[in-house]
Amino acid sequence: MKKRIYMDNAATSFPKPPRVVEAMVRFMTEVGANPGRSTHEQSMEAAHIVDSTREKLARLFNIRDPKRIVFTLNATESLNTVIYGFLNAHDHVIVTQMEHNSVLRPIRHLEKSMGIEVSVIPCDKMGFLDLDFLSKTIRPTTALVCVNHASNVCGVIQDIKSVRGIIDGIPLLLDAAQTAGELNIDVEELGVDFLAFTGHKALLGPQGVGGLYVREGLNLEPLKRGGTGSFSESQDQPDFFPDAFESGTRNNVGIAGLGAAVDFLFETGIDTIRNHCMSLLRVLIDELVSVPGIVLYGPLDPEKQAPILSVTFDRALPDGLDMSFGGCGGRAIPATFETLHPHEVGTILRDEYEISVRVGLHCAPLAHQALGTFPDGTVRFSLGFFNTVQDVEITAAAIKRIAEK
Ligand SMILES: Cc1ncc(COP(=O)(O)O)c(C=O)c1O
């Protein structure tokens, strides 16, 4: 059987380091118990695994107190925890055009149900946030600024230090779904107050586990309440971290896998992973940048983006428009006027080339409005640490052949 080439790492990374699977199998076969709810050895071992994963994540993100990290199901739950738990009626919230629906939908829901006020900061044609606009949008009632660290559509990485400088002391929620495990994230250096991450993308862990860091001094209402294994005599939810936010049995198997994944990241080095992904992206961009019949989106500079490349096939560039025309990463590429819909391309890549990609809007409709690819979306190639140069070369050759057609 021909090897399928997996280019959908922005949706979820694949494959996982073998030790992730081993840690999960070990948890299932040898540990198995619920942590913190008993004194027996298996329970204590489970508690040790959960605590040590929390500590490893704290080290990874330079978080002083590991207890300020709460395990969740995924980035979506982490983002919802902040949005529903932190905002009050009539607060003003700033989001960006690059946000994922995991931010936009809860925010729009609160706009309708609670009367919060929402401002969306526009992004330029490469996806960079308009920082000037941001500074003019701040109000005395601005309670939260939500920023997507790297776009899952075009990879663009935002300048978080500048955002922090502009918003001064306003709490900052960073959606690190695409960057945790891919970039060095230091919550102190970046001035992040809430860090939402997911375990199954660049952190290389399993699906069904994510996390949220909450800076000391900031408080939230939990999304759910229930048993925590602590202070069981009380019918009120504990108010301390992490118990306040971890009611019910967690995904302890997933947490075991995530702990092993973070060990893998430490051993391999985030810089090594990042350099590998950047060099693959460089090859992909270089192969495609002057191919007629396709348009590439985003900064088209591996240093400025996560290893994600969005492409459309035969999107027409109007005559006479040059680099200032949006949606081509600043490069005008000659295109024909026939269009192959992203879904068609995805099917061809699957059926004829055995290349797995994602097509459409990628749950980020406003990002496509910024890039000029709404409503059809793009074909998204997202690279991971386990991709090879050969994978990229085969993929580039397939794209060229489709574009020729
Ligand atoms: C930028 C961004 N935010 C949030 C999410 C949601 O992540 P999860 O599916 O792990 O909840 C994703 C997933 O694609 C994403 O790319």
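Biologist: Is the crossing of α2 and α8 left-handed or right-handed?

Modeller: This is a predicted model. Helix α2 covers residues 41–61 and helix α8 covers residues 252–268. Where they pass each other, the crossing is left-handed.

Biologist: Are α2 and α8 roughly parallel or oblique to each other?

Modeller: Their axes come within 9 Å and cross at roughly 40°. Angles under 35 degrees count as roughly parallel, and 65 to 115 as roughly perpendicular. The α2 and α8 pair is therefore oblique.

Biologist: Which residues in α8 meet α2?

Modeller: From α2, the contact draws on A46, I49, V50, S52, T53, K56, L57 and L60. By class, the contact of α2 with α8 has ten nonpolar, four polar and two charged residues. On the α8 side, the residues are N252, I255, A256, L258, G259, V262, D263 and L265.

Biologist: How do α3 and α4 lie, roughly parallel or oblique?

Modeller: Helix α3 spans residues 75–86, and α4 spans 101–114. The two pack at an angle of about 30°, with their axes 9 Å apart. Angles under 35 degrees count as roughly parallel. That makes α3 and α4 roughly parallel.

Biologist: What is the handedness of the crossing where α3 passes α4?

Modeller: In α3, the residues that meet α4 are A75, T76, L79, N80, I83 and Y84. Their partners in α4 are S102, V103, P106, I107 and L110. The crossing of α3 with α4 is right-handed.

Biologist: How many charged residues are in the contact of α3 with α4?

Modeller: Eight residues of this contact are nonpolar.

Biologist: How many residues of the shell around the ligand are polar?

Modeller: The shell includes N74, A75, T76, H100, S102 and N148. N152, D175, A177, Q178, T198 and G210 are also around the ligand. Two of the shell residues are nonpolar and one is charged. The polar residues number nine.

Biologist: How far apart are the C-alpha centres of domain 1 and domain 2?

Modeller: The protein chain is divided into domain 1, 18–268, and domain 2, 270–404. Their contact takes 27 residues from domain 1 and 31 residues from domain 2. The C-alpha centres lie 29 Å apart.

Biologist: Which elements give two or more residues to the side of domain 1 that touches domain 2?

Modeller: By class, that side of domain 1 has 13 nonpolar, eleven polar and three charged residues. The elements that give two or more residues to it are α4 and α8.

Biologist: Where is P375, which a cis peptide bond joins to F374?

Modeller: Most peptide bonds are trans. The bond between F374 and P375 is cis, with omega about 5°. Another cis peptide bond joins F14 and P15, with omega about -5°; P15 is in the loop between β1 and α1. P375 lies in the loop between α11 (365–371) and β13 (378–382).

Biologist: What is the phi of N62?

Modeller: N62 lies in the loop between α2 and β2. Most residues other than glycine have a negative phi. N62 is not a glycine, yet its phi is positive, at about 55°.

How values were computed. Residues numbered from 1 in each chain as written. Predicted model: local features only at pLDDT ≥ 70, side-chain atom pairs only at ≥ 80, totals over all residues. Near = placed C-beta within 6 Å. Nonpolar A, V, L, I, M, F, W, Y, C, P; charged D, E, K, R; others polar. Axes fitted to C-alpha atoms, helices over the stretch in contact; angles between N-to-C directions. Helix = DSSP H or I, 4+ residues; strand = E, 2+ residues; numbered from the N terminus. Parallel < 35°, antiparallel > 145°, perpendicular 65-115°, else oblique. Left-handed = near helix turned anticlockwise from the far one by under 90°. Contact = placed C-beta atoms within 7 Å. Domains from an automatic or database assignment.
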